[in-house]
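Here's a quick tour of the structure for anyone about to set up calculations on it. Have the viewer open and follow along.

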Amino acid sequence: MRALKQDGGVVDLNLVQLFARAEELRDIDGATPGEKAAVVEFLLALCYASDTYPTSDEEWLHRVQEPGPTPFGAVVSWLTDQSDEDWNLFHPTKPLGQNSLLAPFLEQHGTGPAQLVIERAGDYSQFADHHHLEHSDPLPAAEAFRAMLTQHSFGLSGRARISGKATLGPAITNLATGRLGGRIRVLALGQSLGHTLRLNLAPTTNDPRVLNLTWTTGPIERRGFTTKPPARPVRGFADLHSYLGRSVLMRPKQGLDRDQAAVDRVLIGAGELLDLKAELHLQDAVISETRTGEKKPLWPSATRDLWREAHALYAAVKDGTGGLYARLAKLPKEKAADRHPFDLLAVGLLSSKATPMGWVTSVFPFAPGLAPHLYNASRRGSEVAEHIARSLDRAAYAAWEIAYPNPKPSDKKAQLARFDARGEQWKATEEPFHTLLVDVADGAMVADCIPGYVEWLLEMAREFLDKRLDSLPKNGQGLRARAAARRRFESELTSTRAPGDLTSLTEGGA
């Protein structure tokens, strides 16, 4: 595994070393946000498997606040006692995290290791002949293992590149959405890796400690592939965090071992289906509502940046909606803290049907006892940002009406886009928005921070609008269009629809 030291340096450690040094390490270093989240999932599974978890909210609170000198010593001892062959990525009959039943089909149906990496494989059709997947450029074993964890957690639904008729059955080709696919996963990030793990360990009693090390061993009866089976019950949190969301088999490149070990061929098919109970197994989920009124966990969006949902996360803590957020709400307010003690990391895989588009992620500052203030700041900050964006939209329309007096309907969209500065504004708003939240999390009053935030956004918006209007000719028509757009923008800022934080500042300035 790759981890970040407190000074920002990166270090490669095995699992025993990772837990032994959990208090001195800052974080997991993932190649992508999804990989980081998937590795943390696996580490949480090991905590439950080694009987290192709180049994009540009170014990969780105590562990977070007073962890003791070696809070993960039991995990280290448990891992040290494990048999090497149970943790062998290339074991012939029980490879770590994989399904050895695919072995007879690996040579004929497998592809190059690019298929294992979500960001590289895409929908398996980046090139018409799939040449990129057939390329056998080897992938280091450690990278392959972390990519496999990411597949298990975030894999998207679709069709596998494997013939069901010639393998384990037709249902092997039907890939289900992974446990974290299609939704936003939220992790509490502490001041150290150990702090992070303690914050995210959900209390439970008598966890069965069922760890999914491989497909063909252990107490769980795995699914078949002749038909799609019903989802199986979850056997505790060790099972939940280590479940095998894909059937995977990797072939090692011959002649390489130890630190040089690499994978040169991979086969991927359908994996486990879990019967998830929302209250128990989605304790980090932020429930949001769709345009049709359906309530579901917050999902990745291609049109709405994740930071714009900060108020939903803080509202979950403020209202103590259950699970992770109810526990965070119980943490006492920090005394004389000069910095917020931890953050909330939100991660999701953006996709278009079965095609991964990339990771969406954002980090939100958090301080115990300040959730109502952070919610207030994020809600008001979002309202201001939304109205400024609408004002830019109205300004673009005002310029368009004069610049194109006789437009063709088919040209309207492109013509409006010429003057629309919302894209630049939304991209630039993230920094001041996060600055607002950090200031509040560090103890500043919301009322003291909002005016500076509003001024920052207004200055950017006016600058972006002017740059868009610079494309207008310097003739009478162009000057009228420019003036109309500016007037419309300024009038929208003081309209009855504008939030109070905006009108109080703009009217006062006027």
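A residue is called buried here when its relative accessible area is under 20%. Keep in mind that this is a predicted model.

**An enclosed helix**
- The buried residues of α9 are Leu-193, Gly-194, His-195, Thr-196, Leu-197, Arg-198, Leu-199 and Asn-200. Note that Arg-198 and His-195 are on that list too.

- Helix α12 (residues 310-318) and helix α13 (residues 323-330) have axes that come within 7 Å and cross at roughly 65 degrees.
- That angle makes α12 roughly perpendicular to α13, given that 65 to 115 degrees is the range for that label.
- Which residues make the contact between α12 and α13? From α12 you get Leu-313, Ala-316 and Val-317, and they meet Tyr-325, Leu-328 and Ala-329 of α13.
- By residue class, the contact of α12 with α13 has 6 nonpolar residues, no polar ones and no charged ones.

**The β2-β1-β3 sheet**
- Here 3 strands make an open sheet, ordered β2-β1-β3, with antiparallel pairing.
- Why is one side of β2 and of β3 left without a neighbour in the sheet? Both β2 (10-12) and β3 (25-28) stand at the edges and have a single partner strand each, so one side of each has no neighbour there.
- Neighbouring strands in this sheet are turned by 40 degrees against each other on average, ignoring direction.
- Strand β1 (residues 2-5) runs antiparallel to β2, and 3 bridges join the two. Within that pairing, Arg-2 stands opposite Asp-12 of β2.

**The β7-β14-β15 sheet**
- This open sheet also pairs its strands in the antiparallel sense, and its 3 strands come in the order β7-β14-β15.
- The edge positions go to β7 (185-189) and β15 (355-366); each has a single partner strand, so one side of each lacks a neighbour in the sheet.
- From one strand to the next, the twist averages 20 degrees.
- Strand β14 (residues 342-352) pairs with β15 over 11 bridges, running antiparallel. If you want a landmark, look for Leu-344, which stands opposite Phe-364 in β15.

- Gln-98 sits in the loop between α4 (73-80) and α5 (106-109). It is buried, with a relative accessible area of 1%.
- What does the Gln-98 side chain reach at 2.8 Å? That would be the backbone nitrogen of Met-250. The side chain of Gln-98 also reaches the backbone oxygen of Leu-96, at 3.0 Å.
- Beyond residues up to four places away in sequence, Gln-98 touches Leu-89, Met-148, Leu-213, Thr-214, Trp-215, Val-248, Leu-249 and Met-250.
- Thr-214 belongs to the loop between α9 and β8 (232-233). Buried or exposed? Thr-214 is buried, at a relative accessible area of 2%.
- Setting aside neighbours within four places in sequence, the contacts of Thr-214 include Lys-94, Pro-95, Gly-97, Gln-98, Arg-222 and Leu-244.

Definitions and conventions. Residues numbered from 1 in each chain as written. Predicted model: local features only at pLDDT ≥ 70, side-chain atom pairs only at ≥ 80, totals over all residues. Heavy atoms only, no water. Pairing = 2+ DSSP bridges. Helix = DSSP H or I, 4+ residues; strand = E, 2+ residues; numbered from the N terminus. Axes fitted to C-alpha atoms, helices over the stretch in contact; angles between N-to-C directions. Buried < 20%, exposed > 50% of the residue type's maximum accessible area, 1.4 Å probe, protein only. Parallel < 35°, antiparallel > 145°, perpendicular 65-115°, else oblique. Contact = heavy atoms within 4.5 Å. Nonpolar A, V, L, I, M, F, W, Y, C, P; charged D, E, K, R; others polar. Polar contact = N/O pair within 3.5 Å; in protein donor to acceptor, adjacent residues only side chain to side chain.
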